[in-house]
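Here is a short walk through one protein model. Keep the structure in view and follow the elements in turn.

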Amino acid sequence: MDEEYDVIVLGTGLKECILSGLLSVDGLKVLHMDRNDYYGGESTSLNLIQVYVIEVLWKRFRGSDKPPAHLGSSRDYNVDMVPKFMMANGTLVRVLIHTDVTKYLYFKAVDGSFVYNKGKVHKVPATDMEALKSPLMGIFEKRRARKFFIYVQDYDETDPKTHEGMDLTRVTTRELIAYATNLLLFWLKNLLLTLYSESLARFQGGSPYIYPLYGLGELPQAFARLSAVYGGTYMLNKPECKVEFNEEGQVIGVTSEGETARCKKVVRKVGRVARAIAIMNHPIPNTNDCHSVQVILPQKQLGRKSDMYLFCCSYSHNVAPKGKFIAFVSTEAETDQPEIELKPGIDLLGPVEELFFDIYDRSEPVNEPSLDNCFISASYDATTHFESTVMDVLNMYTMITGKAVDLSVDLSAASAAEE
């Protein structure tokens with residue numbers, strides 16, 4: 001450990017593993033450390049009792065290592081601690097393709113995307129024809145919605161004829177929607193219109209999302225492999241990692257167990273989110289029996305300051321035994337009572353076999369990386385997609401290296417060309 005590295009990364013959460021992989025690919029000498037004896041941090045997937053000695057689901061929430069037999073085999077569970085879907089044509093997918101990490105992973109499309117409106121769950125229209133049938137809109141809104149879908153599907157950035165006089169580099173989302181459709185904004189929150197449309201088209205499914213088989217815990221492990229392939233060094237089970245600074249307040253290394261690894265820059269991980277985890281033996285009611293689904297509960301429908309998100313996966317994605325479903329309800333916490341705060345989402349689940357509640361802090365870095373060379377990632381938010389997560393990683397990469405990641409480059413193709 002007594003060596004010098006360009007960058008030391010502390011923690012093996014998804015953000016840290018993506019960053020470690022990108023930096024290693026860029027030719028930097030990277031040391032990656034974690035106090036746990038497994039990869040993933042908050043992004044790990046837990047089974048019910050055994051695989052991860054410290055953070056196992058049943059011990060974490062029940063204080064016991066003997067879940068009831070009716071839940072099935074523990075080894076068949078992969079319960080994500082930070083459940084999020086991936087936009088099928090989103091930034092994370094582009095990073096996966098850029099780094100060739102896709103060879104370590106398998107994905108499956110998510111069955112449906114729904115929204116809670118006036119006490120009921122409705123499918124979010126994914127096509128112009130679905131818009132015409134949707135109960136979310138009146139007859140005139142349906143026509144405008146169909147026009148909007150066609151506009152987005154036909155839009156070509158390089159062909160002004162498809163723009164209909166709208167410069168999307170200048171107009172706001174609200175102005176575009178007012179011009180094209182007057183549609184509600186609930187399914188477009190935090191997403192670009194073209195990204196949603198392109199993600200829908202990529203797999204021709206009922207939603208714009210995909211999800212890895214065996215859960216999100218596969219993602220940090222895949223990027224850890226990438227880093228190792230490009231010379232990155234991993235040290236797990238390293239307790240009490242202390243960041244060392246010089247007299248000028250700049251980072252110079254990390255000490256653990258009496259040894260110090262010297263470096264020029266350190267990346268470390270530092271939000272309140274209320275969350276419920278449910279194990280069920282049925283899909284979420286009123287979602288067309290979808291085995292994987294997202295439901296958004298807009299804040300205005302709930303009288304809250306923030307939206308609520310319902311996420312569900314099942315044995316179809318190899319995260320539970322056959323016939324079992326795992327659902328998550330999450331939101332930005334506004335009280336200290338998650339059981340009461342999450343009730344609107346939990347009420348949509350139907351009967352549950354087991355229900356766990358959790359609340360955790362979210363935080364943002366307050367240091368100045370240009371002064372101390374310490375780069376700190378933000379906590380995961382309550383949303384059910386990865387766009388903000390990956391943008392945080394790419395911004396950190398730019399701050400560390402002074403350049404942006406060129407996601408147009410396919411590293412697997414580049415390597416084949418060199419050979």
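This is a predicted model. Begin with a strand pair. Strand 14 (residues 273-280) and strand 17 (residues 325-332) run antiparallel to each other and share eight bridges. Strands of a sheet pair through backbone hydrogen bonds, in either a parallel or an antiparallel sense.

Seven strands form an open sheet in the order 8-7-15-16-17-14-18. The pairing is mixed. Strand 8 (120-123) and strand 18 (354-360) are the edges. Each has a single partner strand, so one side of each lacks a neighbour in the sheet. From one strand to the next, the twist averages 20 degrees.

Next, a helix contact. Helix 3 (residues 91-99) and helix 13 (residues 387-401) have axes that come within 8 Å and cross at roughly 50 degrees. That angle makes helix 3 oblique to helix 13. Helix 3 contributes T91, L92 and V95 to the contact, and helix 13 contributes E387, V390, M391 and L394. By class, the residues of this contact are five nonpolar, one polar and one charged.

Finish with helix 1 (residues 14-25). Its twelve residues, at 1.5 Å a residue, should span 16 Å. The end C-alpha atoms lie 17 Å apart, which agrees. Is helix 1 mostly covered or mostly open? Helix 1 is mostly covered, with eleven of its twelve residues buried. Among the buried residues are K15 and E16, along with I18, L19, L22 and L23. Just after helix 1, G27 adopts a positive phi of about 95 degrees.

Key:
Residues are numbered from 1 along each chain as its sequence is written. This is a predicted model: local features need pLDDT of at least 70, side-chain atom pairs count only at pLDDT 80 or more; totals for chains, interfaces and linings use all residues. Side-chain values use heavy atoms; hydrogens and water are left out. Axes are lines fitted to C-alpha atoms, for helices over the stretch in contact, and angles run from 0 to 180 degrees between N-to-C directions. Helices (H or I, at least four residues) and strands (E, at least two) are DSSP runs, numbered from the N terminus. Angles under 35 degrees count as roughly parallel, over 145 as roughly antiparallel, 65 to 115 as roughly perpendicular and the rest as oblique. Contact means heavy atoms within 4.5 Å. Ala, Val, Leu, Ile, Met, Phe, Trp, Tyr, Cys and Pro count as nonpolar, Asp, Glu, Lys and Arg as charged, and the others, Gly among them, as polar. Two strands pair if DSSP finds at least two bridges between them. The expected span of a helix is 1.5 Å times one less than its number of residues. Buried means under 20% relative accessible area, exposed over 50%, partly exposed in between (1.4 Å probe, protein chains only).
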